[in-house]
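Please look over the sequence and the structure shown here before reading on. The report that follows takes the two chains in turn and then turns to some of their elements.

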Amino acid sequence: MTYNHITYVFFLFMLYFISCNRNKEAVLQALAATVNRDPTASNYVLQDDSYLIPNSYAQFKLFTLSKESGRNTAKYFINTYPKYFQKDFAEPHIPCLMPETLELEIEEVSEAALIERIQLRKVKAAVDMYDQLQQSGTPLSVDLTNDLLDLICLYGDQDPAPEQGSDYMENVQPSACDLRLKQIWVLENNNAERIFHIMPERTRRSYGALIRGMVKYGAYSKAFDMYTDMLNNRLTADVHIFNALITAAPEVREQIQEKWELVLNLLKQMAKQDVKPNLLTFHAVLRCLRRSRHLAKVFSVFNEMKALGIAPSLATYNLILGIVYKQGPFAKGHTEILEKVLDEISGKSFTPQDPDDGMISADTYFSLLLETHRPFVYLIQSSCCSWRFFSLLCMMENIDVVLKWYKELIPSLYYPTAQGMRDFLQALDTDNRLDLIPQIWKDIKQMGYGNMSDMVEEILSLMAREKQSPESISNTILMIFLIQLFFFSFREMLNLFKPNNRVPPESLMNDFLASIKASNKAQQAVELVQISASFCLPVTPSLIERVQQEFELTEEQRNVLTALESSADMSD
Amino acid sequence: MAASFSSQRRLLTTLCSQLNGALWLNSGVRSIHSTAVCNKNRAARIRVGKGDRPMTYEEALPPHQIAHRKGWLSHHTSNLNGEHGTADRTVEDAFIRRFIYGTFHRCLANELVIKRRGNMLIISALMFQKMPPRKYYFFIGYTEELLSHFYKCPVKMEIQTVEEKVVYKYL
């Protein structure tokens, strides 16, 4: 609510200034300025409560995944007991809020039953129904058999796993396909091959289904055998078959040169059969070139693509940059490629055409940023890039820019690692902005790194390094309280002052004593007095007096104090 | 009381119908149906006791203070002049309250506040910090999905957590 209030007041101010300026578009600009991303708010899927806001990336992932699993539980109940969810209040009808009908309705052996199973993606049930239809002798149309083959080859002869995840899950698990176990083409008693062989007539579509299925699930040499079989039956292939074969080509040959020759061979056959290549063909060719070292081929492929009038998509640039920068992210000679690519990309909108469009690899991103310092704001959404982006910023940029991005990104958009915070502290150190350390320390504690001893040591060493102005001292003292209340002893802390030839100020010692009083540890008070005596501070006598008065001391401690007092008197 | 009355009545009617079914069906008996006594001057009021029972603001103020010192727990426009669906909204509210009470078992710190905006249903709840946050998110996702499918409208939950019961008065 307060944020709304602030924007409202801000809007009023803008209106006031606009009326002074009489700029025609100022009203629209003012309105647009009020609708921004709120950098203080967490992700919209989370609850806005301090107990329920995550502090680290691990927590964020945990919470979003728990919410998602809650949703899956609800979906399970809805789909298991659909009769309670049938009453339709909504006008107009909302189909996504009705229970899903995943149950098979038609039981008798018929073509309609087979069609229903294919539509519901039930692979095994469809194959059984087909076999039953074959046994009963019903003639089936070629299209229907082709549909069945498509279904089997798409899912690799296994029933598909239940779908999961909604939009925001894509950010949390960007590579869900890696998590799924890679299925392989079933070698023994493969249903697709069996049905294929008993088909009375096989069309290009049937061959296509089988070849693409084989390539998808790793049976590459079989795919090529199927292709030669197809050519022997005097059928021509279409663009999808060729794309699949080009993707499979690097797997069936050993030497790089042979792989490239096979790909060229396929492309020549494609031209001979008068099949036009599309964007995915060129992507397949570029993927083959991933391990080669000849950059000239990459550029010739790219030029041919342009010559044919196929517009390159994001995945094209990703592949090209991946190949170019594979030799090492610091290959200076190719900076101009990056510049050209960036100039091409900026200001354009891309429609996704290849599954890889969304994923720009971390290495290319890293090298992009290194060379050009132009961050890709839209890519910040995925956390794998964000920490690199932020560490690069800390290394390269001015402290003001770093702080601006810090306020924008953290912690609403991404949660830095301990290393990221250390980089940030180094950036602060380089630019002499150590007075910001108290606020940064608050953030560090909130993120849960406040108990890491190396982090705390680094902060303390940074604080001790600089001669600080009086205003900042009180802040730092406050911070020291926070730290020492947790686990440091004074001896360790004040030891940090010694090697750097800094003298702890008087107010510091007084405040230390006050805090010791709060925790009422007499031994620590005596230690404090000993340390101040070792520094030969002028405040030592008054400290001794205070300790004697305010604390309950044992005999031994009293003796120590009187010894110190007398030595202090003597030095005066 | 009401339960024992109705069960006795049921026993009586079954006995009679078993004795002489056809005769009873034709004659038709009218009997008085009464519930237990619920006085309106005792509803939702906590009587002053020894002073050791902690009460929240919501519980401590009696219902005649609604619109004076209290707000409403259920916000919808069906109670306005000329609007339809009053009873439906009330029944939905009752169901939602029981559902959330059961799902977030012993976590609710106060009564739910149910708001309707457009066709959205927003459930605002105040909860104790009894469970770790991931369990809260699990139940939130579950509730939102289930109630959305049940009522065919988007359901959102807004949860605020407190450490312990926010006491206003001791009665």
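## Chain A as a whole

In chain A, which has 572 residues, 41% are buried, where buried means under 20% relative accessible area, exposed means over 50%, and partly exposed lies in between (1.4 Å probe, protein chains only). This is a predicted model, in which local features need pLDDT of at least 70 and side-chain atom pairs count only at pLDDT 80 or more, while totals for chains, interfaces and linings use all residues. Residues are numbered from 1 along each chain as its sequence is written, chains are lettered from A and ligands numbered from 1 in the order in which they are written, and side-chain values use heavy atoms, with hydrogens and water left out.

The secondary structure of chain A consists of 29 helices and zero strands; helices (H or I, at least four residues) and strands (E, at least two) are DSSP runs, numbered from the N terminus. Of the contacts in chain A between residues at least 6 apart in sequence, 64% join residues at least 24 apart, a contact being heavy atoms within 4.5 Å. Chain A exposes about 32600 Å², and carbon and sulfur atoms supply 54% of that area, as computed by the Shrake-Rupley method with a 1.4 Å probe; for residues, only the protein chains shown count as cover.

## Helix α5 of chain A

Helix α5 of chain A takes in residues 123-136, and at 1.5 Å a residue its 14 residues should span 20 Å, which agrees with the 20 Å between its end C-alpha atoms; the expected span is 1.5 Å times one less than the number of residues. Which residues of α5(A) are buried? They are A:V123, A:A126, A:V127, A:M129, A:Y130 and A:L133. Seen down the axis of α5(A), these buried residues fall within an arc of 160°, so they line one face of the helix; the arc is that of the directions from the helix axis to the C-beta atoms.

An α-helix has 3.6 residues a turn, so residues three or four places apart point the same way. The buried residues of α5(A) pack against α4 (111-119), α6 and α9 of chain A, whereas A:Q135 and A:S136, on the other side of α5(A), are exposed. After α5(A) comes A:G137, whose phi is positive, near 85°.

Helix α10 of chain A (residues 204-216) has 13 residues, which at 1.5 Å each should span 18 Å, and its end C-alpha atoms are 18 Å apart, which agrees. Its buried residues include A:S206, A:Y207, A:G208 and A:A209, and what covers the buried residues of α10(A) includes α6 (142-155), α9 (191-198), α11 (220-232) and α12 (239-252) of chain A. α10(A) is followed by A:G218, whose phi is positive, near 95°.

Further along chain A, A:F551 is found in the loop between α28 (540-550) and α29 (555-571). Is A:F551 buried or exposed? A:F551 is buried, with a relative accessible area of 5%. A:F551 and A:A522 are 29 residues apart in sequence, and their C-alpha atoms are 6.1 Å apart in space.

## Chain B and its sheet

Chain B has five helices and six strands, and from the N terminus on its elements run α-α-β-α-β-α-β-β-α-β-β. Buried residues make up 31% of the 171 residues in chain B. The accessible surface of chain B comes to about 11700 Å², of which 56% belongs to carbon and sulfur atoms.

Four strands of chain B form an open sheet in the order β2-β3-β4-β5, with mixed pairing, where two strands pair if DSSP finds at least two bridges between them. The edge strands are β2 and β5 of chain B, each of which pairs on one side only. β4(B) and β5(B) pair in the parallel sense over eight bridges, and the bridge partner of B:L121 in β5(B) is B:V155.

## Helices packed on the sheet

α4(B) packs on the sheet, touching β2, β3, β4 and β5 of chain B, and its direction makes about 135° with that of β3(B); axes are lines fitted to C-alpha atoms, for helices over the stretch in contact, and angles run from 0 to 180 degrees between N-to-C directions. α5(B) lies across β4 and β5 of chain B, running at about 150° to β5(B).

The buried residues of α4(B) are B:E92, B:D93, B:I96, B:F99, B:I100 and B:T103. They cover an arc of only 135° around the axis, which puts them on the same side of α4(B), while B:A87, B:V91, B:R98 and B:Y101 are exposed on the other side.
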